[in-house]
Amino acid sequence: MKLYAVIGNPVSHSLSPKIHEYFARQCRQDMRYERIKTNDFAATVGAFFRAGGAGLNVTLPFKQQAFELEANQSKRCQLAKAVNTLWINASGQLCADNTDGIGLVRDLLKYTSIESKRLLVIGAGGAARGVIPALLEKRPSSICIVNRDLRKAKLLAEEFSLDCMPMSQAIVNYDVLLNATSASLQHSLPPLYCARLAPSVVAYDLAYLSEPTVFMNWAKKLGADTVVDGLGMLVEQAAESFALWREIMPGYRLRMNILEQLRAGLQA
Ligand code: NDP
């Protein structure tokens with residue numbers, strides 16, 4: 001039986017074991033999935049794979065450290081400069097990828113097309129960096145980055161040849177707002193300035209909680225009809241990691257089933 005795990009700190013709250021155990025059962029894969037909490041990321045990863053471990057999901061705060069590991073890196077994790085999936089390939093080499101971007105795009109496409117749309121990315125941390133390359137692949141008409149610390153927004157915008165603006169600038173004429181800050185986890189809202197949103201605007205929060213986030217409530221109040229949290233993204237990035245490890249992509253119905261189960265669990 002192959003062993004997989006999510007590694008982070010803290011990690012007890014992670015929903016990844018539930019998702020992967022479900023995929024494994026439904027896809028009849030002989031695998032076990034655990035949680036690993038560590039203070040010494042590199043040493044723990046080394047020990048895990050030396051002991052025969054097959055694959056890891058990497059979560060906060062280690063995604064950037066995982067990028068520093070000596071590994072065969074995918075193009076998308078090189079662009080993101082962060083890794084959320086590690087595994088040993090058939091030749092015994094350590095491989096690294098980042099499935100956060102494709103996870104977000106798959107989920108977002110359930111609500112809106114991305115091609116030719118004007119996107120506003122709020123936040124300039126690891127999650128923003130991780131999803132921008134995948135969003136660009138879908139050819140939006142523009143992406144603008146806004147961040148509390150404007151210097152970080154400028155650096156990220158320069159790297160991907162995008163626009164940026166200070167948070168005090170009014171939000172007008174965007175089709176999709178993506179909240180890639182961690183403000184919702186603190187039950188707060190980034191200091192955004194916006195008078196109203198068109199009903200067609202899609203407001204997507206990468207964070208998820210047991211109830212709609214402050215950002216979702218804010219966007220709804222300003223007029224957006226479609227407000228979404230990041231639980232679907234979590235399931236989609238997990239499915240992509242599972243496919244990298246097991247060469248089987250859990251089907252749409254399975255992904256929707258586990259999403260429903262997680263939602264019910266969060267709300268219970
Ligand atoms: P980082 O710590 O790398 O970045 C945090 C970002 O949030 C920075 O841009 C920071 O701004 C901003 N921020 C934090 N607090 C506030 C606040 N009160 N007001 C305004 N801006 C704030 O975190 P990540 O990028 O890794 O994660 C961001 C979010 O994405 C988290 O909510 C995380 O849960 C979510 N996420 C969801 C995933 C999913 O599968 N659904 C996957 C990955 C991430 P500044 O630079 O000015 O400090």
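Which residues does Leu 104 touch, not counting residues up to four places away in sequence? In this predicted model, Leu 104 touches Val 131, Leu 135, Leu 178, Tyr 204, Leu 206 and Met 233.

Leu 104 belongs to the largest nonpolar core, which has 27 residues. Leu 104 is among the residues with the most contacts inside this core, together with Leu 108, Leu 135, Ile 145, Leu 178 and Tyr 204. Two or more residues each are given to the core by helices H5 (100-108), H6 (126-137) and H7 (150-159), and by strands S7 (118-122), S8 (142-147), S10 (176-179) and S11 (202-205). H6 gives the most, with 5 residues. Another core, of 26 residues, lies apart from the largest one, and its members include Tyr 4, Phe 23, Ala 238 and Trp 245.

Helix H5 is mostly covered, with 7 of its 9 residues buried. The buried residues of H5 are Asp 100, Gly 101, Gly 103, Leu 104, Val 105, Asp 107 and Leu 108. Their cover includes helix H3 (63-67), H6, S10, S11, strand S12 (226-228) and helix H9 (231-246).

Strand S1 (residues 2-8) pairs with strand S2 (residues 31-37) in the parallel sense, over 7 bridges. Between S1 and S2 the chain passes through helix H1 (residues 16-26), and this β-α-β crossover is right-handed. Within the pair, Ile 7 stands opposite Ile 36 of S2.

The largest pocket has a volume of about 1400 Å³. Its lining comprises 47 residues, of which Leu 60, Lys 63, Ala 127, Ser 182 and Leu 185 are the closest to the pocket centre. The elements that give two or more residues to this lining are strand S3 (55-58), H3, H6 and H9. H3, H6 and H9 are also among the elements that cover the buried residues of H5.

Ala 80 counts as buried because its relative accessibility is 0%, and the cut-off for a buried residue is under 20%. Leaving aside neighbours within four places in sequence, Ala 80 is in contact with Asn 98, Arg 129, Gly 130 and Pro 133. The C-alpha atoms of Ala 80 and Lys 110 are separated by 23 Å, and these two residues are 30 residues apart along the chain.

Notes
Residues are numbered from 1 along each chain as its sequence is written. This is a predicted model: local features need pLDDT of at least 70, side-chain atom pairs count only at pLDDT 80 or more; totals for chains, interfaces and linings use all residues. Side-chain values use heavy atoms; hydrogens and water are left out. Two strands pair if DSSP finds at least two bridges between them. Helices (H or I, at least four residues) and strands (E, at least two) are DSSP runs, numbered from the N terminus. A crossover is right-handed if, with the strands pointing away from the viewer, the path from the first strand over the helix to the second runs clockwise. A nonpolar core is a set of buried Ala, Val, Leu, Ile, Met, Phe, Trp, Tyr and Cys residues joined through side-chain atoms within 4.5 Å. Buried means under 20% relative accessible area, exposed over 50%, partly exposed in between (1.4 Å probe, protein chains only). Contact means heavy atoms within 4.5 Å. On a 1 Å grid over the protein atoms alone, a cavity is a set of points where a 1.4 Å probe fits but cannot get out, and a pocket is an open set with protein on both sides within 12 Å along at least five of seven lines; lining residues have an atom within 4 Å of a point. Grid points are joined across faces, edges and corners, and a volume is the space filled by probe spheres set on the points.
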